[in-house]
Amino acid sequence: MRFLSTKNILVFTLILTVVIVSISESSRLVLFLGRFHPLILHLPIGALILTLFIDIVGRINNNYPKQTVQYALGFSAFFAVLACYLGYFLSFEGGYDKDTLDTHLWLGVVSAILIIGLFLFSKVEHKKASRLFFPAFIITFIVISFAGHYGSVLTHGSDFLTQYAKVPQKAKVIKNIDSLDIYKDVVHKILDGKCIQCHNPTKRKGELALNSSENILKGGENGAVIEKGNASNSLIYTSLFLPISDKKHMPPEGKPQLTKEEVRLVEYWINNQAHFNEKVANLPKNDTLNKMLAKYLVFEEIKIEEASISAINEAKEAGFSVLKLVPNQPELSVKFQKGEITDDGLKTLNNLNEQIIELDLSNTALTDNMISDLKEFKNLQKLSLNNTKITDKSLANFHNSKRLKVLNLYNTGITNKGLDAFLKHVVPEDIYIWETEVEKDFIAKLESEYKTNLHAGVADGFVEITKLESPTFLTDENLFVDSLTVKLVSKIKNVKTYYTIDGSEPDSTSLKYKDIIFLKNSAHLKLRGFKNGWLPSNIVEKGFFKIKYEVENYNLVNQPDARYPGGSKLFDLKQGGDSFKDGSWAGFTGDNIDVTIDMETIKEIDKISVNCLENTVNWIFFPKKVTVYSSTNKNTGFKKIRELKINRKGKHGEGTIIKSYTVDIPKTKTQFIRVVVENYKALPKWHEGAGKDAWLFVDEILIH
């Protein structure tokens, strides 16, 4: 380690000084080397931290590693000097605040001198030098910290270090697009996220700062960056469209780029005279811009707790689909979609009243009496009651839904009086009243008085939410041996239904449904309804599977629990739904499913499938393992031919999950098949019923 001697470090410093004096500031080599400053400066800092740790541990253990400390300090001194010179090279690029740059530079030089001083101290044998060594170490760290702070100010702005230490100010609530300040609330947020890091008072790349209206109007080294009323002649806009490899492209390559919507909003601002104190209300806009600007609205922050899994499952079992609006967030979208809506079913939603943001009860037999329990949905923003039997009486139940934005009352019994009374408590942005008792002459009065939009015809936004209701399947079966006839029904007259059988998206050029769909092979059926004056319905899909053999002779060792009985369900070719209580599932508690199937003659099989249900809240788990045995003569015993281990992950699942587990046994000839579906047995430690028997639910065992 003679290289890290005092003499060599001084010689290295002298050589670098001579090199700097002899080369031009504008040399590309200098600018290239300057870019290595951020990389090199971390080496002496890291080495110093390690050296301080070694120094303290050595003093505590009375085993001071003097030579190791010297080597480490020599390493730090060498790279500290190198970092100073490279930082000096980097400053030639310009664009930095001179006072901050000078402070950072001289603190860096002082830091390098102090590190060299520590290196010299470590070589002195005198006791006084030893006593001064540790305090000098601390002073060095303090100076380096200040140097680092001013370095961060140069690259990230003056508040980089303290940004998250400040108590955040409560954001001003802006609920209406017209109330947005086009610069402060929109454009400045775009620039702050993508541009101001390189264009601020302490780092003026191209001599340009974009942090304030004054600096934007001042421009940079190339003059003005905006021409009011003309985005195509404004540098701040045109630089966005240069090739990303062009050094004048902004933001530079490797930095987050502006989205198409952000570019469009910057263009909109400039073309409308680039106002710095103007509300959106005073500027021309269209529906597309309204959608873009809506993202910059600020609403009162609402803290919502996560809904319990049991409450979600209860709603699902009552016929509701429950979806999260945003993954990992508590807000829910709920829609009634199967069976007949009931009072008891609606009551299950009360356990989710805080989390439900969107509620769709449309196209149901909903009545005023049923809806009387839905009074506490205070966070509701979108409510669809269209195509139901409600009247004015129902609206009174939603007086607490102050955040409601969209209300769909199409084809209901709502009248002038009922809507007027409702608007005295809640004023949604949009209300759809086509085919109601609200009179056209009364609409203008309500719109003027309450500042809401009443849609009374198939136009504007109403079409978007009045798409056709999807056709439904009349055929429950989806498993068959030879062939299957599928029938469909639509609640609305004169709907044309088109379908595909290969899983592709159906359109008006696909196969047209007439009376039946006849299937002779497995098919993935997708269908969609069409009608003039309506948007096409959502796509409905269902899989239909042809199996090789229908099981008639079997022997089941353990019978299902008396609460979910019927071993014959395992072979009736009728798959169960999302509810384990729907009568199609056979439930086993603690026991395995152990069944022997007699196919009467030797036949060739390829697969065995077991269709299972899991709902951990109700103690129902997927099986641990499926094992298949075969024999051509059951008196001679069975031979294990294949085993499928099932490794479930995670703890509680969200509601009910249905999966089919398939054991591949290609081209196996046999007459007798024994299938063992192994129960999870005792519930795991993390479960609330830990140690007790788990349930196993299966609706079909299929031979392919």
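Me: In β17, how many of the 8 residues are buried?
Reply: The structure is a predicted model, in which local features need pLDDT of at least 70, side-chain atom pairs count only at pLDDT 80 or more, and totals for chains, interfaces and linings use all residues. Residues are numbered from 1 along each chain as its sequence is written, and side-chain values use heavy atoms, with hydrogens and water left out. Buried stands for under 20% relative accessible area, exposed for over 50%, and partly exposed for what lies in between, with a 1.4 Å probe and protein chains only, while a strand is a DSSP run of E with at least two residues and a helix a run of H or I with at least four, both numbered from the N terminus. By these criteria β17 is mostly covered, and the number of its residues that are buried is 6.

Me: Which residue of β17 is the bridge partner of Tyr498?
Reply: Two strands are taken to pair if DSSP finds at least two bridges between them, and strand β14 (residues 496-500) meets strand β17 (residues 523-530) in the antiparallel sense over 5 bridges. Within β17, Thr500 has Lys526 opposite, whereas the bridge partner of Tyr498 is Arg528.

Me: Which residue in β18 stands opposite His524?
Reply: Strand β18 (residues 540-546) runs antiparallel to β17, and 5 bridges join the two. In β18, the residue that stands opposite His524 is Gly543.

Me: Which strands stand at the edges of the sheet, each with a single partner strand?
Reply: The open sheet has 5 strands and mixed pairing, in the order β11-β18-β17-β14-β15. Because each edge strand has a single partner, one side of it is left without a neighbour in the sheet, and the strands concerned are β11 (479-480) and β15 (511-512).

Me: What is the relative accessibility of Asn387, which counts as partly exposed?
Reply: Asn387 has a positive phi of about 60 degrees although it is not a glycine, and it is found in the loop between β6 (382-384) and α16 (392-395). Asn387 counts as partly exposed because its relative accessibility is 22%.

Me: What is the relative accessible area of Lys681?
Reply: Lys681, although not a glycine, has a positive phi of about 65 degrees, and its place is in the loop between β24 (657-678) and β25 (695-703). Lys681 is partly exposed, its relative accessible area being 36%.

Me: Is the peptide bond from Met250 to Pro251 cis or trans?
Reply: Pro251 lies in the loop between α10 (235-238) and α11 (260-271). With omega near -10 degrees, the peptide bond from Met250 to Pro251 is cis.
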